[in-house]
Amino acid sequence: MITGMRTVASSSAASFQTDLEVLVLAGGLSYERDVSLRSGRRVLDALRNAGLSASIRDADATLLPFLAAQPPDAVVIALHGATGEDGSLRGVLDLCGVPYVGCDARASRLAWDKPSAKSMLREAGIPTPDWVALPHDRFSELGASAVLDRIAAHLGLPLMVKPAQGGSGLGAAVVRESAELPAAMVGCFAYDSTALVERFVPGVDVAVSVVDLGSGPTALPAVEIVPRNGVYDYAARYTAGLTTWHAPARLASDVAARVAETALAAHKALGLRDLSRVDLIIDGAGEVHVLGLNVSPGMTETSLLPLAVQAADMDLGDLLAALVSRAVARGAV
Amino acid sequence: MSGTTQDDYADRYARRVRGMTTSEIRALFAVASRPEVVSLAGGSPYIAALPLDAVGEMLGRLASEQGATSLQYGIGQGTIELRERICEVMDVSGITSASPDDVVVTVGGQQALDLIARLFLDPGDVVLAEGPTYVGALGVFQAAQAQVRHVAIDEDGLIPAALEAALREAGPRAKFLYTIPTYQNPAGVTLSSSRREEVLDICERHGLLVVEDDPYGMLSFEGDAPLPLRARRRHGVLYISTFSKTFAPGLRVGWILAPHAVREKLVMASEASILCPSAFAQAAVVQYLSTMPWRQQIKVYREIYRERRDALLSALADLMPSGATWTRPAGGLFVWVTLPEGLDSKAMLPRAVAARVAYVPGTGFYADGTGTGNVRLNFSFSPPERLREGVRRLSGVMEQELALRAVFGAGTRAFHRRRGAATADTPGPDMA
């Protein structure tokens, strides 16, 4: 081990440099600003504990002048929602010649837009619940009740309604009776102009964090999500005590293996890089379905990736530091 | 591993802690704190109107010349110097006979509410309050595990017949009426003089204690406010006020005027809770009231807020979609808007934040989750042109939402149910 280098204590050992200047981006103008600020503080602490020099900033009008004046060795994006995940900020970082942890702008854009991501999963033969994605204009043109009737008849109840773009369960609702559908659509359209209506698959909710420390994408232990009220909404996600997480998930080994395999396949199908979180559901027959992918996973005290890292006996700071080293080695686009 | 809730203490919390959850609405307010967003959501006074240099010098002298006392512990009731000054301030409001002995200094009006709840409320007790009412009071009453029964209001404040009916229904479990009779938060309405007498008579007849919260009474735009309830009755009224709106909320200095027996218990409860209010903040208020033109400063605040209220009201008149109505406050900080039929203030908030405008959904001011058809708008903090821009954005959001609801049909309100307390639907105190 040379000076300024440390080794990640884990099965997938990787070393990282400690003499790096890292900028953590958090905040932004998305609905998940508050979550992002919490993720950002946690990432900052973890990186500093790993021995790196790290600072934190909002993605606002002062960012580009700062990057020009004091370019960091790499950026860690702890922004959630559009700014952090729709690829645009990554594109700007590319323009600035600053390396960053995580996938590139194109992959980010595809993963962020749930209908696009689901199309790619399906093309790759990875199961994902049947869906329809419609902008609100289409309902006004064609008549809402006629369209909703077709959707309900085609996909069958219950349904899951969620914004085509967004996270943290904001604007999402389970619809068990067709009478509830209009209100769910209106609630969803308050968050995004396009709604994704999905066949609701009952089962065990799990999230698999995928990390790549240089030897290819690896699935961390799946985390099982059991919300106390049965609904994994915003409050259940971010109020400690309202959800029980099992890490690793309570799965038979063959199911656990299939879950990991499916998550890795999804990560690869979308061309993701460094780290991601894949949300899946295991139905009553043991079939695994991918619900969505996250290129800027939450890092708060109640977030899933840190729980998986802990279950894998790894240190979050060491893991992030190793990913920073990879980003620096990769360099800017 | 049997699973984690990430809260090792989950099974140990007191019952009153239930309902303290994060919320989507709180998440949206986090965005609204960015400068791009026109915030009509806060309740902050316009502190920039204070002579900050002079206040700064005054505070400096307070440390250098009186540090031995101003930085020391004080007594639980608050300093006699401040209590004497408070009586002078109340005299201006029309409460002429108050004794400094009956004043308890508190950490803002909020601690006054908390102390009163500690003294009077057992779990299951009933508090009568205007519907809508101040969210901070709802938080205190919920923590005391009391039930809030809302009493309907109109442009003239509490409706006496509704108060009678609520009293009959609540019976002996009703411990007190909590009311903000003047320039009410959030509704902006004022209890008329004749109704003040009626309300006091009803409460007297039923032996019901009145807790009068009067933070805004001096912020009148159209002549003086009606006399406070406490100015009309020496007995049966506990009076709360604060320097948060007339001087500065950052000092956190408020007070309760209470009869001797209650006052002694308030002091003991306060000592148990905080030992004593900040000696420095108290000394600062004394200095401010003794050496600076505080009445003139209130006039400055009034002028600024009147101009802003007018700007907000004319923007509402010019820009709101038809079907919307709103109150016309004669003072204070807030306008209460009733949305056109079918709109849901809580469900609409994400769309508003995306359009870079924020308000507080009406649900934050009811203990029972009603209020989806209302929003509270603040006019004290933003200059007139920003207020107009905020209303322009809000009106656009409402038009879009109305169009969407027309597409999806009626009955789309009330889908979102609240998890947790009213505070889950309102921003934190730092929201501008």
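Strand 10 of chain A (residues 204–211) is largely enclosed by the rest of the structure, because seven of its eight residues are buried. Here a residue is buried if 20 or more other C-beta atoms lie within 10 Å of its own, with C-beta atoms placed from the backbone; strands are DSSP runs of E of at least two residues, numbered from the N terminus. The model is a predicted one, in which local features need pLDDT of at least 70 and side-chain atom pairs count only at pLDDT 80 or more, while totals for chains, interfaces and linings use all residues. Residues are numbered from 1 along each chain as its sequence is written, and chains are lettered from A and ligands numbered from 1 in the order in which they are written.

Let us turn to the partners of this strand. Two strands pair if DSSP finds at least two bridges between them. Strand 10 of chain A runs antiparallel to strand 14 (residues 275–282) of chain A, and eight bridges join the two; A:V204, for instance, has A:I282 as its bridge partner. Strands 10 and 11 of chain A form a hairpin with six residues between them, and A:G214 in the turn has a positive phi of about 125°.

In chain B, four strands form an open antiparallel sheet in the order 10-11-14-13. Its edge strands, each pairing on one side only, are strand 10 (325–326) and strand 13 (360–361) of chain B. Two bridges join strand 13 to strand 14 (residues 374–378) of chain B in the antiparallel sense, and B:P361 has B:V375 as its bridge partner.

Terms used: A residue is buried if 20 or more other C-beta atoms lie within 10 Å of its own, exposed if 12 or fewer, and partly exposed in between; C-beta atoms are placed from the backbone.
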